[in-house]
Amino acid sequence: MHTPVHEGLFTLDPPALLGALCGECGHHSFPRLAHCPYCGCENVDPVTLSDHGTLWGWTEVTTAPPGYEGVVPFGFGVVELPEGLRIVTRLTSPTATYEYGLAMRLQIVDLGDGVVTWEFTPETGRGV
Ligand SMILES: [Zn+2]
């Protein structure tokens with residue numbers, strides 16, 4: 001049994017982030033809210049966001065944050081989706097091959113005790 005680290009952010013099978021599309025200004029957003037964070041209107045529709053994108057920025061987390069019991073190090077950064085939306089996200093631990101524009105794909109990772117979250121990993125390095 002896999003339990004998402006937080007309900008309503010992503011699906012497990014297939015792995016996907018749950019976002020929204022604004023019917024007024026046309027912006028995609030994540031996480032899904034009852035209103036558009038860009039124009040404030042409530043004309044937003046739920047959408048499933050692309051499961052791939054390009055690496056925009058990254059760093060490595062080498063010390064476990066308070067309450068976190070998963071593996072360190074892990075990556076943290078920004079991935080730009082085809083929708084034009086930049087997601088602040090966990091990443092597979094960065095390697096020397098990381099570079100701006102690297103093709104990344106969403107995957108589900110186990111944090112321990114069946115709790116899972118999402119991360120982006122290089123297209124060529126899928127390990128699950
Ligand atoms: Zn809007």
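Modeller: Before we start, a word on terms: helices (H or I, at least four residues) and strands (E, at least two) are DSSP runs, numbered from the N terminus. The model is predicted, so local features need pLDDT of at least 70 and side-chain atom pairs count only at pLDDT 80 or more, while totals for chains, interfaces and linings use all residues. Residues are numbered from 1 along each chain as its sequence is written.

Biologist: OK, how many helices and strands does the protein chain have?

Modeller: There are 0 helices and 10 strands in the protein chain. With a radius of gyration of 15 Å, close to the 14 Å that the globule rule gives for 128 residues, the chain is as compact as a globular protein of that length. That radius is taken over C-alpha atoms, and the globule rule is 2.2 Å times the number of residues to the power 0.38.

Biologist: Which residues have the most contacts inside the largest nonpolar core?

Modeller: L17, V79, I87 and F120, in a core of 14 residues. The elements giving two or more residues to this core are β6 (52-61), β8 (86-91), β9 (103-112) and β10 (115-122). A nonpolar core here is a set of buried Ala, Val, Leu, Ile, Met, Phe, Trp, Tyr and Cys residues joined through C-beta atoms within 7 Å. Buried means 20 or more other C-beta atoms within 10 Å of the residue's own, exposed means 12 or fewer, and partly exposed is in between, with C-beta atoms placed from the backbone.

Biologist: And what is V79 in contact with, leaving aside its neighbours within four places in sequence?

Modeller: G53, T54, L55, W56, I87, T89, M104 and F120. Contact means C-beta atoms, placed from the backbone, within 7 Å.

Biologist: Switching topic: how do β9 and β10 run?

Modeller: Antiparallel, with 8 bridges joining them; R105, for instance, stands opposite T121 in β10. Strands pair if DSSP finds at least two bridges between them. β10 also pairs with β1 (residues 3-4), in the parallel sense over 2 bridges, and T3 has V115 as its bridge partner there.

Biologist: What's in the turn of that β9 and β10 hairpin?

Modeller: The hairpin has 2 residues between its strands, and D113 in the turn has a positive phi of about 55 degrees.

Biologist: Is D113 buried or exposed, and why?

Modeller: Exposed, because D113 has 8 C-beta neighbours inside 10 Å.

Key: Contact = placed C-beta atoms within 7 Å.
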